[in-house]
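Keep the viewer open as you read.

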Amino acid sequence: MKRIVYPGTFDPIHNGHLDIALKAAELFDELILVVAVNQEKSPLFSDSERVELIKESLSGVKNIKVDTFNGLIVDFVRSNDAVAIIRGLRHVSDFEFEFQMAMMNFNLNPNIKSMFMMPDEKYIHLNSTVIKDVGRLGGNISDYVPKCVEDALYEKYSV
Ligand code: ADP
């Protein structure tokens, strides 16, 4: 059983994240999508809201599981018998941060591999912050997020 972990804030999940998760899940027996909790960032969606939106977005995909974690991702990977971490790369600007994280994770546990995947071209410009801004200002976000996320965002901002 080859298991891979896809960590992130996912506040909220969008089609770029889903593209990476679905492609990685084709290459591995199981993918665990891990929502990072208790970060210094203050997310718009609570931990449980983010998990629920991910589960709904990926319902029907049997080999993707969703979990939360607060701690070192290498510890989560090891305790779940996974072999690698997958991260998405959009631009050169992502590379510097991802490279530092990968090197740190390698130093923390050299047995855990870091893998990177680029999304389909149509998702390259997506990020959760911009999607939230567009949604807050009433713009159309239906091409960027699953329907459940679109509804949840409009609901947040209509209060
Ligand atoms: P972070 O984990 O840095 O807080 P996110 O939760 O937004 O950021 O992203 C989780 C992972 O998904 C990261 O590897 C990030 O590079 C990747 N990602 C974010 N947006 C996209 C996108 N549009 N296409 C592909 N990968 C993405």
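Predicted model: local features only at pLDDT ≥ 70, side-chain atom pairs only at ≥ 80, totals over all residues.

Residues are numbered from 1 along each chain as its sequence is written, and side-chain values use heavy atoms, with hydrogens and water left out.

The largest nonpolar core has 33 residues, and Tyr 6, Leu 31, Leu 33, Ile 54 and Ile 86 touch the most other members. Such a core is a set of buried Ala, Val, Leu, Ile, Met, Phe, Trp, Tyr and Cys residues joined through side-chain atoms within 4.5 Å, where buried means under 20% relative accessible area (1.4 Å probe, protein chains only). Among the elements giving two or more residues to this core are β1 (3–8), β2 (30–36) and α6, but α1 gives the most, with five residues. These are DSSP runs numbered from the N terminus: helices are H or I with at least four residues, strands E with at least two.

Zoom in on Tyr 6: leaving aside neighbours within four places in sequence, its contacts (heavy atoms within 4.5 Å) include His 17, Ile 20, Leu 31 and Ile 86. A second, separate core of 10 residues includes Val 34, Val 74, Phe 76 and Val 77.

Now for the helices. Ile 131, Lys 132, Gly 135 and Arg 136 in α5 meet Leu 153, Tyr 154 and Tyr 157 in α6.

Definitions and conventions. Buried < 20%, exposed > 50% of the residue type's maximum accessible area, 1.4 Å probe, protein only.
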